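Please look over the model shown here with its overall fold, its aromatic pairs and a handful of individual residues in mind.

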Amino acid sequence: MKYLYASVLTTALLAIGPAGYAAAADVAALEQAARQEGQVMSVGMPDSWANWKQTWQDLASQYQIQHSDTDMSSAQEIAKFLAEKNNASADIGDVGVSFAPLAVQKGVTQPYKPSTWDQIPDWAKDKEGQWAVAYTGTIAFIVNKQTVKTIPHSWADLLKGDYKVALGDVGTAAQAVNGVLAAAYAMGGNETNLQPGLDFFAKLAKAGRLGLNDPSIAALEKGEVDVGILWDFNGLNYRDQIDKTRFEVLIPSDGSVISGYSTIINKYAKHPNAAKFAREYIFSDAGQINLARGYARPIRVERLTLPEDVKAKLLPDEQYKNAHPIADAAAWEKNAKALPRLWQENVMMAMKQ
């Protein structure tokens, strides 16, 4: 596989940072520096998530860079970088895109722009190279075809059904919170106006059709979920693990929200070159295809030629035409914090009526 990656290693530029990072560095030289460090320590990038396992195996077998991970949440990763500082035990992390600017504000990141930088959408990267989204998540429906006679292809279709819709706990789950935002987009709102999304779920609640259970793989397998609202990569993974013929996964045609997960490189990393080279590989064709094998939609998906078996794991590009990235991150952060209270006032009260 190494020869497939050779072209990637010739043109990358290191971002110039205030702490004196090298400019226009040759990635071949970065590779050699990474080999000398010989290891990279990650947080929130376990083998079982998004097929990180294959990327770590590639780095070990092709470049002799060994790896270990400590799994933790986005907030915990940033707190770890900040608490340890010069005693850093982690070099690189994977955080939800809403947490990436926070990591920059806390001063715990360092920049690196991979050679494929220009192929990353502007919404999915920091202009200085402090963070970049490697793969996306888009709110989708997973439909149990055994219990739902007419498959809903839009939020509007959901309102016409007679089955239950499972969203999960809006008080604790980012997936559920983004589900409300996705409905808001479809109903004419956005991250600054969540009321259309709340009204949508209030209608389901009032009709006795809002399920309070989480659309987890266990609940789906037991037949406890008719339609679940969840990230596309979760839905596709669950579908294939249980029974590919039993479920349909789709992006609602009238609107959804697209988010993602971003790599952040620890400002205090003990193995900074290995961390930067890991990001370089993650954004290469090989690294992006690795993510796709784990059902995570690569940020460069439109520039990739995916193997047929990998393409079959993802939804067609055309399903994403009405998926919106968050345009106003500050407004979304504020409204997302208020959403659990608004959910109680608007949706749970409707359920009791």
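**The chain as a whole**

The coordinates are those of a predicted model, and the protein chain in it contains 14 helices and 12 strands. Its radius of gyration is 21 Å, close to the 20 Å that the globule rule gives for 353 residues, so the chain is as compact as a globular protein of that length. The C-alpha trace spans about 65 × 40 × 30 Å along its principal axes.

Of the 353 residues in the protein chain, 55% are buried. Among the contacts with a separation of 6 or more, 74% are made by residues 24 or more positions apart.

**Aromatic pairs**

The structure holds 14 aromatic pairs. A pair of aromatic rings is described by the distance of the centres and the angle of the planes. For tryptophan 49 and tyrosine 261, the ring centres are 5.9 Å apart and the planes stand at 70 degrees, so this pair is edge-to-face. Because tryptophan 49 lies in the loop between strand S1 (39-43) and helix H3 (52-63), while tyrosine 261 belongs to strand S10 (residues 256-266), the pair ties together parts that are 212 residues apart in sequence. Tryptophan 49 has a relative accessibility of 30% and counts as partly exposed.

Tyrosine 63 and tyrosine 281 also form an edge-to-face pair, with 6.3 Å from centre to centre and 70 degrees between the planes. Here tyrosine 63 lies in helix H3 and tyrosine 281 in helix H11 (residues 272-282), so the pair ties together parts that are 218 residues apart in sequence. Both tyrosine 63 and tyrosine 281 are buried.

Which residues form one aromatic cluster? The members are Trp49, Trp52, Trp56, Tyr135, Trp231, Phe233 and Tyr261.

**Individual residues and their surroundings**

| Pair | Separation in sequence | C-alpha to C-alpha distance |
|---|---|---|
| Glutamine 39 and arginine 341 | 302 residues | 45 Å |
| Threonine 138 and tyrosine 320 | 182 residues | 8.2 Å |
| Alanine 218 and isoleucine 242 | 24 residues | 9.2 Å |
| Methionine 72 and valine 43 | 29 residues | 6.4 Å |

Threonine 138 is part of strand S5 (residues 131-144), and with a relative accessible area of 0% this residue is buried. Leaving aside residues up to four places away in sequence, threonine 138 touches Leu230, Trp231, Asp232, Ile251, Ser256, Val257, Ile258, Tyr320 and Ala323; of these, Trp231 is also a member of the aromatic cluster.

Glutamine 39 is found in strand S1 and, at a relative accessible area of 33%, is partly exposed. Not counting residues up to four places away in sequence, glutamine 39 is in contact with Ile65, Gln66, Asp91, His271 and Ala274.

Methionine 72 sits in the loop between strand S2 (66-70) and H4. Its contacts, again without residues up to four places away in sequence, are with Val43, Gly44, Glu77 and Lys80. Alanine 218, in helix H9 (residues 217-221), counts as partly exposed at 38% relative accessibility.

Key:
Residues are numbered from 1 along each chain as its sequence is written. This is a predicted model: local features need pLDDT of at least 70, side-chain atom pairs count only at pLDDT 80 or more; totals for chains, interfaces and linings use all residues. Side-chain values use heavy atoms; hydrogens and water are left out. Helices (H or I, at least four residues) and strands (E, at least two) are DSSP runs, numbered from the N terminus. The radius of gyration is taken over C-alpha atoms; the globule rule is 2.2 Å times the number of residues to the power 0.38. Buried means under 20% relative accessible area, exposed over 50%, partly exposed in between (1.4 Å probe, protein chains only). Contact means heavy atoms within 4.5 Å. Rings of Phe, Tyr and Trp (its six-membered ring) pair if their centres lie within 6.5 Å; planes under 30 degrees apart count as stacked, over 60 as edge-to-face and the rest as tilted.
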